[in-house]
Amino acid sequence: MSKPHPRRRWEPDFLGEGFDQLTLDLPGGKIATLVRYTPSDPQSGPAPSGATADVLYVHGWSDYFFQTELASYWAGQGARFFAVDLHNYGRSLRPGEEPGYVQDLSDYDADVGAALEAMGQNAADARPLILLGHSTGGLTLALWAQRHPGRAAALILNSPWLEFQATELARRVISPLVSLEAQHHPRRPLPPVDPGIYTRTVSAAFGGEWHYDTEWRPVRGFPVTVAFLHAVFSAQATVAAGLQLQLPVLVLLSDNSYLHPRWSEDAARSDVVLDVNVVAHRALSLGSTVSVDRIPNAMHDVFLSAPAVRAQAYNAITRWGSGYLRALPSSGKARVPED
């Protein structure tokens with residue numbers, strides 16, 4: 001019989017002042033890592049004890065949380081900001097583990113559940129919860145919200161991977177073959193398709209703006225396994241059937257895609273991962289209250305775009321929140337604070 005883990009404590013995070021991390025123990029010996037932002041500058045927003053909303057951010061494929069500006073924005077909106085590095089990703093990745101390996105996106109329910117417990121979201125007087133997900137993280141949170149109705153007050157998706165780049169028809173043709181292969185060889189890697197263009201647009205090492213750990217966010221991404229693709233296809237099929245979410249949803253997308261194997265300056269002004277028109281259409285399957293905001297010249301991670309572009313994205317959230325979030329009932333978990 002294994003010994004229980006000692007109670008974990010918050011420790012300083014490598015992102016610097018105001019950021020702490022907490023290791024979350026999961027079933028099967030896995031871990032996730034919760035990061036919180038506690039600004040010391042009073043201009044950055046109210047102290048956590050005075051915050052009246054919680055934001056939980058979930059990263060995408062081959063990724064982890066490092067977007068400090070995003071945390072600062074939410075603090076300025078009067079919210080407590082948290083981000084979780086899912087198991088087998090980023091801060092939670094341990095030697096010998098397969099980066100990003102998962103067989104079903106619902107496997108991340110344990111990660112999200114542990115994060116919410118550590119945030120105090122299981123208390124009767126918990127603050128309103130705003131879920132924020134990027135790419136595969138957006139797909140994951142959309143389905144989590146369907147399985148856990150009433151837990152979140154709002155859902156914000158940053159370029160969510162809601163549909164296969166080659167359209168629904170291609171996914172439906174390929175999916176049975178992927179499913180069969182996943183039953184017999186789930187860990188089999190698929191041929192790499194990422195030429196590194198996205199990294200070239202983002203990384204400071206190649207002329208971009210951002211510094212990050214390339215072990216946790218490789219130049220060409222993690223190897224894609226059959227199991228992972230099967231998990232994504234299954235989740236996308238569920239979205240296509242209609243999630244009927246009963247909460248306001250905001251989807252942020254670029255106004256253009258650049259899905260070509262060769263470098264062009266257009267890549268720095270486009271989503272080089274998803275077909276944004278396909279995703280915009282599929283977003284309508286999420287629920288009855290869905291807003292799609294197309295941000296001109298945005299990249300795949302809208303919040304890693306050029307400064308003026310991501311300023312538009314922050315303004316879009318603020319503008320959307322001034323209507324939908326304040327229109328929610330004024331009691332319990334449904335109220336989000338004024339600016």
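Here is a quick briefing on the fold, the aromatic contacts and the confidence of this chain.

The model is predicted, with a chain average pLDDT of 88. The secondary structure comes to 8 helices and 9 strands, and 53% of the 339 residues count as buried.

- Let's start with β5, where 6 of 6 residues are buried.
- Arg80, Phe82 and Val84 point one way from this strand, while Phe81, Ala83 and Asp85 point the other way. Both sets are buried, so if you're looking at Arg80 or Asp85, note that these two are covered as well.
- On the antiparallel side of the pairing, β3 (residues 31-37) is joined to β5 by 5 bridges. In β3, Val35 stands opposite Ala83 of β5.
- The pairing of β4 with β5 is parallel and also has 5 bridges. Val58 is the residue that stands opposite Val84 in β5.

**Aromatic pairs around Trp61**

- The whole structure holds 18 aromatic pairs.
- One of them is Trp61 with Tyr89: the ring centres are 6.2 Å apart and the planes meet at 85°, so the pair is edge-to-face.
- Trp61 sits in the loop between β4 (54-58) and α1 (68-76), and Tyr89 in the loop between β5 (80-85) and α2 (109-119), so the pair ties together parts that are 28 residues apart in sequence.
- Both Trp61 and Tyr89 are buried.
- Trp61 also pairs with Phe222, again edge-to-face, with 5.7 Å from centre to centre and 85° between the planes.
- Why does Phe222 count as buried? Its relative accessible area is 5%, and the label applies because that value falls under the 20% cut-off.

**Other rings, and arginines over them**

- Phe14, Tyr64, Phe66, Tyr212 and Trp216 form one aromatic cluster.
- Tyr212 of that cluster has a charged neighbour too: Arg217 lies over the face of its ring, at 4.9 Å from the ring centre.
- Elsewhere, Arg36 lies over the face of Trp10, with 4.1 Å to the ring centre.

**Helix α7**

- Helix α7 covers residues 276-283 and is mostly covered, with 6 of its 8 residues buried.
- Which residues of α7 are buried? They are Val276, Val278, Val279, Ala280, Arg282 and Ala283, so the list includes an arginine.
- At the start of α7, Asp275 brings a side-chain oxygen to within 3.1 Å of the backbone nitrogen of Asn277.

- Across the chain, 86% of the residues score a pLDDT of at least 70.
- Residues 42-49 stay under 50, and for this stretch the model has 13 contacts beyond four places in sequence.
- The pLDDT is also below 50 over residues 329-339, a stretch with 30 contacts in the model beyond near neighbours in sequence.

Terms used. Residues are numbered from 1 along each chain as its sequence is written. This is a predicted model: local features need pLDDT of at least 70, side-chain atom pairs count only at pLDDT 80 or more; totals for chains, interfaces and linings use all residues. Side-chain values use heavy atoms; hydrogens and water are left out. Buried means under 20% relative accessible area, exposed over 50%, partly exposed in between (1.4 Å probe, protein chains only). Helices (H or I, at least four residues) and strands (E, at least two) are DSSP runs, numbered from the N terminus. A polar contact is a pair of N or O atoms within 3.5 Å; within protein, one must be able to donate a hydrogen and the other to accept it, and residues adjacent in sequence count only if both atoms are side-chain atoms. Rings of Phe, Tyr and Trp (its six-membered ring) pair if their centres lie within 6.5 Å; planes under 30 degrees apart count as stacked, over 60 as edge-to-face and the rest as tilted. A charge sits over a ring if NZ of Lys or CZ of Arg is within 6 Å of the ring centre and within 35 degrees of the ring normal. pLDDT is the predictor's confidence in each residue, from 0 to 100. Contact means heavy atoms within 4.5 Å. Two strands pair if DSSP finds at least two bridges between them.
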